[in-house]
Amino acid sequence: MNEALVSGVAPADSDTGPEGISLGEGRMVREDCWREVHRLYHVERRSKSEIARQLELDRKTVRGILQAHAWQPYIRAERADTLLADHAAYLRSRAPAVQYSARILFQELRRERCYGGAMRR
């Protein structure tokens, strides 16, 4: 339960693709975890330390959640300093059609969009 509350990965029964997978930013608090922290603190009157232990969160994370007036999903900032930045919109629209195959996307970028980067494994 605890991993499901804070994981960047959506539960298995939801309809998400690879875009729902955490990309190494660390574990982000999902909305249901945010609500659970507020419920434990305001309704059950539990301490921040107790909530942190129960949900396996850091005390400072619990404090930050309680200071926030509303839950906000994590949104990764767009980066303009990468070789793929000019192709981001194309990749977002094309990736589902090729089942998120990096090899196919790379080949299409090289052939159709004059991409000069390399594919590393």
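Visitor: So a helix here is a DSSP run of H or I with at least four residues, numbered from the N terminus. Where does arginine 59 lie, then?

Guide: Arginine 59 lies in helix H4. Keep in mind that this is a predicted model.

Visitor: Good to know. Is arginine 59 buried or exposed?

Guide: Exposed: its relative accessible area is 51%, and the cut-off for exposed is over 50%, so arginine 59 counts as such.

Visitor: And what does arginine 59 touch, leaving out residues up to four places away in sequence?

Guide: Lys48, Ser49 and Ala52.

Visitor: Let me zoom out. How many helices and strands does the protein have?

Guide: Six helices and zero strands. Reading along the sequence gives the pattern α-α-α-α-α-α.

Visitor: And what share of the residues counts as buried?

Guide: Of 121 residues, 25% are buried. The protein exposes about 9000 Å², and carbon and sulfur atoms supply 51% of that area.

Visitor: What about contacts between residues at least 6 apart in sequence: what share joins residues at least 24 apart?

Guide: That share is 43%.

Visitor: Back to H4. At what angle do H2 and H4 pack?

Guide: At about 90°, with 10 Å between their axes. H2 spans residues 31–43 and H4 spans residues 59–67. Angles of 65 to 115 degrees count as roughly perpendicular, which is why H2 is described that way relative to H4.

Visitor: Which residues make that contact?

Guide: From H2 there are Trp34, Val37, His38, Tyr41 and His42, and from H4 there are Val62, Ile65 and Leu66.

Visitor: How do the residues of the contact divide into nonpolar, polar and charged?

Guide: Six are nonpolar, two are polar and none is charged.

Visitor: Next up, glutamate 56. Where is it?

Guide: Glutamate 56 sits in the loop that runs between helix H3 (48–55) and H4. Its phi is positive, about 55°, although this residue is not a glycine. Glutamate 56 is exposed, with a relative accessible area of 55%.

Visitor: What is the phi of tyrosine 100?

Guide: Tyrosine 100 has a positive phi too, of about 60°, and is not a glycine either. You'll find tyrosine 100 in the loop between H5 and helix H6 (102–112).

Visitor: How does tyrosine 100 count in terms of accessibility?

Guide: Its relative accessibility is 35%. That falls between the 20% and 50% cut-offs, so tyrosine 100 counts as partly exposed.

Visitor: Switching to aromatics, how many aromatic pairs are there?

Guide: The count is one. Phenylalanine 106 and tyrosine 115 form that pair, and its geometry is edge-to-face: the ring centres are 6.2 Å apart and the planes are at 90°.

Visitor: Are phenylalanine 106 and tyrosine 115 buried or exposed?

Guide: Both phenylalanine 106 and tyrosine 115 are buried.

Visitor: What does histidine 87 touch, not counting residues up to four places away in sequence?

Guide: Tyrosine 115 turns up again here: histidine 87 touches Tyr115, along with Leu109 and Arg113. Histidine 87 itself is in the loop between H4 and helix H5 (88–94).

Definitions and conventions. Residues are numbered from 1 along each chain as its sequence is written. This is a predicted model: local features need pLDDT of at least 70, side-chain atom pairs count only at pLDDT 80 or more; totals for chains, interfaces and linings use all residues. Side-chain values use heavy atoms; hydrogens and water are left out. Axes are lines fitted to C-alpha atoms, for helices over the stretch in contact, and angles run from 0 to 180 degrees between N-to-C directions. Helices (H or I, at least four residues) and strands (E, at least two) are DSSP runs, numbered from the N terminus. Angles under 35 degrees count as roughly parallel, over 145 as roughly antiparallel, 65 to 115 as roughly perpendicular and the rest as oblique. Contact means heavy atoms within 4.5 Å. Ala, Val, Leu, Ile, Met, Phe, Trp, Tyr, Cys and Pro count as nonpolar, Asp, Glu, Lys and Arg as charged, and the others, Gly among them, as polar. Buried means under 20% relative accessible area, exposed over 50%, partly exposed in between (1.4 Å probe, protein chains only). Accessible areas come from the Shrake-Rupley method with a 1.4 Å probe; for residues, only the protein chains shown count as cover. Rings of Phe, Tyr and Trp (its six-membered ring) pair if their centres lie within 6.5 Å; planes under 30 degrees apart count as stacked, over 60 as edge-to-face and the rest as tilted.
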